[in-house]
Amino acid sequence: MRLETNFSECAILGMVGAGGIGYVISNSLQGYDYGTAGVAILLVFLVAYCIERVFVRIKKKFS
């Protein structure tokens, strides 16, 4: 469960200057490059969703 939280926090930290995918999103939005920003945001959601689905399966298997 902590991995899920860490992944979400990485995008937020990047937007405030820590680097990573959040940095790409922030720079794209500031440069009016909405296509790149949209793809980056979509990828963050897709990866977060995939991580969530994997952990739901693992939790069901062990409970």
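Helices, as the term is used in these legends, are DSSP runs of H or I with at least four residues, numbered from the N terminus. The model shown in every view is predicted.

**View 1. Overall fold of the chain, which has three helices and zero strands.** Read from the N terminus on, the elements follow the order α-α-α, with helix α1 covering residues 2-18 and a loop that lies between α2 (21-30) and α3 (34-62). The C-alpha trace spans about 45 × 20 × 10 Å along its principal axes, and the radius of gyration of the chain is 14 Å, whereas a compact globule of 63 residues would have a value near 11 Å. Of the contacts between residues at least 6 apart in sequence, 39% join residues that are at least 24 apart.

**View 2. Burial and accessible surface of the chain.** Buried residues account for 19% of the 63 residues in the chain. The accessible surface amounts to about 4,800 Å², and carbon and sulfur atoms contribute 69% of this area.

**View 3. A nonpolar patch on the surface, formed by Leu13, Met15, Val16, Leu29, Tyr32 and Tyr34.**

**View 4. The aromatic pair of Tyr32 and Tyr34.** A search of the whole structure finds one aromatic pair. The ring centres of Tyr32 and Tyr34 lie 6.2 Å apart and the ring planes stand at 75°, and because planes over 60 degrees apart count as edge-to-face, the pair is placed in that class.

**View 5. Tyr32 in the loop between α2 and α3.** The backbone of Tyr32 has a phi near 60°, which is a positive value in a residue other than glycine. With a relative accessible area of 62%, Tyr32 lies above the 50% cut-off and is therefore classed as exposed.

Definitions and conventions: Residues numbered from 1 in each chain as written. Predicted model: local features only at pLDDT ≥ 70, side-chain atom pairs only at ≥ 80, totals over all residues. Heavy atoms only, no water. Patch = residues over 30% accessible without salt bridge, like charges linked within 9 Å, V, L, I, M, F, W, Y side chains within 5 Å. Areas by Shrake-Rupley, 256 points an atom, 1.4 Å probe, with all protein chains shown as cover. Salt bridge = Lys/Arg side-chain N within 4 Å of Asp/Glu carboxyl O. Helix = DSSP H or I, 4+ residues; strand = E, 2+ residues; numbered from the N terminus. Phe/Tyr/Trp six-rings, centres within 6.5 Å; stacked < 30°, edge-to-face > 60°. Rg over C-alpha atoms; globule rule 2.2 N^0.38 Å. Buried < 20%, exposed > 50% of the residue type's maximum accessible area, 1.4 Å probe, protein only. Contact = heavy atoms within 4.5 Å.
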